[in-house]
Amino acid sequence: MILEGFKFGMLLQLAIGPVCIFIFQMSSLKGFYIAETGVLGVALIDALFIIVAILGIASIIDKKNIRICLKIFGAMILLIFGFSTVLGQFNINFLPSLSLQNLSNSNNVFAHALILTASNPLTIIFWAGVFSTKVAEENMKRTDIYSFGFGALLSTVFFLTLIALMGSFAKEFFPNSIIQILNIIVGFLLIYFGIKMLLKKV
């Protein structure tokens with residue numbers, strides 16, 4: 001079941017999202033080990049989401065008014081991160097606490113990864129759907145569900161660690177001007193994900 005969860009999780013990783021982009025950015029700016037603290041933050045929130053989904057709390061979140069509020073909340077976080085990243089490249093502090101200069105230590109990267117991952121709590125509904133399907137189709141027991149979820153979580157850590165490695169190579173081989181262009185692209189991608197979330201039907 002752990003292997004099944006890992007394979008399923010790796011399929012999900014192919015849909016590159018804002019968290020993946022953030023980890024790459026942090027690694028290219030601050031290095032592999034600081035980016036890995038961000039991976040730990042992502043894993044903690046993902047684990048929390050999976051546990052909540054297994055416990056069946058998703059039914060509370062799956063009310064239309066709550067989903068709309070969560071969608072707006074998540075989109076705003078992505079837009080704020082995106083605008084802060086883009087403007088920061090031109091030495092404009094959109095929100096000083098979010099500027100890249102303030103992400104110089106592992107605690108800050110860890111906290112930002114927590115916030116960014118938590119910006120999409122609707123993921124809980126997705127996981128609840130996955131587990132419900134697995135129980136219905138494969139007659140999985142509770143222990144099997146936890147094993148499957150753990151495997152999926154391992155895939156997140158594995159994939160984001162690879163992304164952090166790629167980012168650290170970029171840090172070593174790319175000049176600062178290229179890194180700056182990459183950061184601007186990252187900022188616009190975060191803005192894109194925020195707008196996409198706002199426009200998504202719930």
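Let's start with a salt bridge, meaning a side-chain nitrogen of Lys or Arg within 4 Å of a carboxyl oxygen of Asp or Glu. The side chains of Lys-7 and Glu-4 form one, with 3.3 Å from N to O. A search of the whole structure turns up 1 salt bridge. This is a predicted model, in which local features need pLDDT of at least 70 and side-chain atom pairs count only at pLDDT 80 or more, while totals for chains, interfaces and linings use all residues. Residues are numbered from 1 along each chain as its sequence is written, and side-chain values use heavy atoms, with hydrogens and water left out.

Why are Lys-7 and Glu-4 about one helical turn apart? Because they sit 3 residues apart in helix H1. Helices here are DSSP runs of H or I with at least four residues, strands are runs of E with at least two, and both are numbered from the N terminus. As for exposure, buried means under 20% relative accessible area, exposed means over 50%, and partly exposed is in between, using a 1.4 Å probe and protein chains only. Lys-7 is partly exposed at 45% relative accessibility, and Glu-4 is partly exposed at 37%.

Stay with H1 for a moment. The helix covers residues 2–13, which is 12 residues, and its first and last C-alpha atoms are 16 Å apart, close to the 16 Å expected at 1.5 Å a residue. The expected span is 1.5 Å times one less than the number of residues. Which residues of H1 are buried? They are Gly-5, Gly-9 and Gln-13. These residues cover an arc of only 80 degrees around the axis, so they lie on the same side of H1. That arc is taken from the directions from the helix axis to the C-beta atoms. On the face turned away from the buried side are the exposed residues Leu-3 and Leu-11.

What do the buried residues of H1 pack against? They pack against H8. Gln-13 gives some detail: this residue of H1 is buried at 14% relative accessibility. Contact means heavy atoms within 4.5 Å. Apart from neighbours within four places in sequence, Gln-13 is in contact with Ser-155, Thr-156 and Phe-159. The side chains of Gln-13 and Thr-156 are joined by a polar contact of 3.1 Å. A polar contact is a pair of N or O atoms within 3.5 Å; within protein, one must be able to donate a hydrogen and the other to accept it, and residues adjacent in sequence count only if both atoms are side-chain atoms.

Helix H8 also holds Lys-171, which is partly exposed at 37% relative accessible area. The C-alpha atoms of Lys-171 and Lys-30 are separated by 8.1 Å, although the two residues are 141 residues apart along the chain. Leaving aside neighbours within four places, the contacts of Lys-171 include Ser-27, Lys-30 and Ile-179.

Now the interior. A nonpolar core is a set of buried Ala, Val, Leu, Ile, Met, Phe, Trp, Tyr and Cys residues joined through side-chain atoms within 4.5 Å. The largest one has 26 residues, and among those touching the most other members are Phe-22, Val-42, Phe-81 and Leu-160. H2, H3, H5, H6, H8 and H9 each supply at least two residues of this core. Which helix gives the most? H2 does, with 6 residues. There is also a second, separate core of 15 residues, including Val-52, Trp-127, Val-130 and Ala-152.

The buried residues of H5 include Lys-71, Gly-74, Ile-77 and Leu-78.

Next, a loop residue. Ser-119 lies between H6 and H7. Is Ser-119 buried or exposed? Ser-119 is buried, with a relative accessible area of 2%. A polar atom of its side chain lies 2.6 Å from the backbone oxygen of Leu-116. Beyond neighbours within four places in sequence, Ser-119 is in contact with Leu-70, Phe-73, Gly-74, Ile-77, Leu-78 and Met-197.

Last, the overall picture. The protein has 9 helices and 0 strands. Of its 202 residues, 45% are buried. Among contacts with a separation of 6 or more, 84% are between residues 24 or more positions apart.
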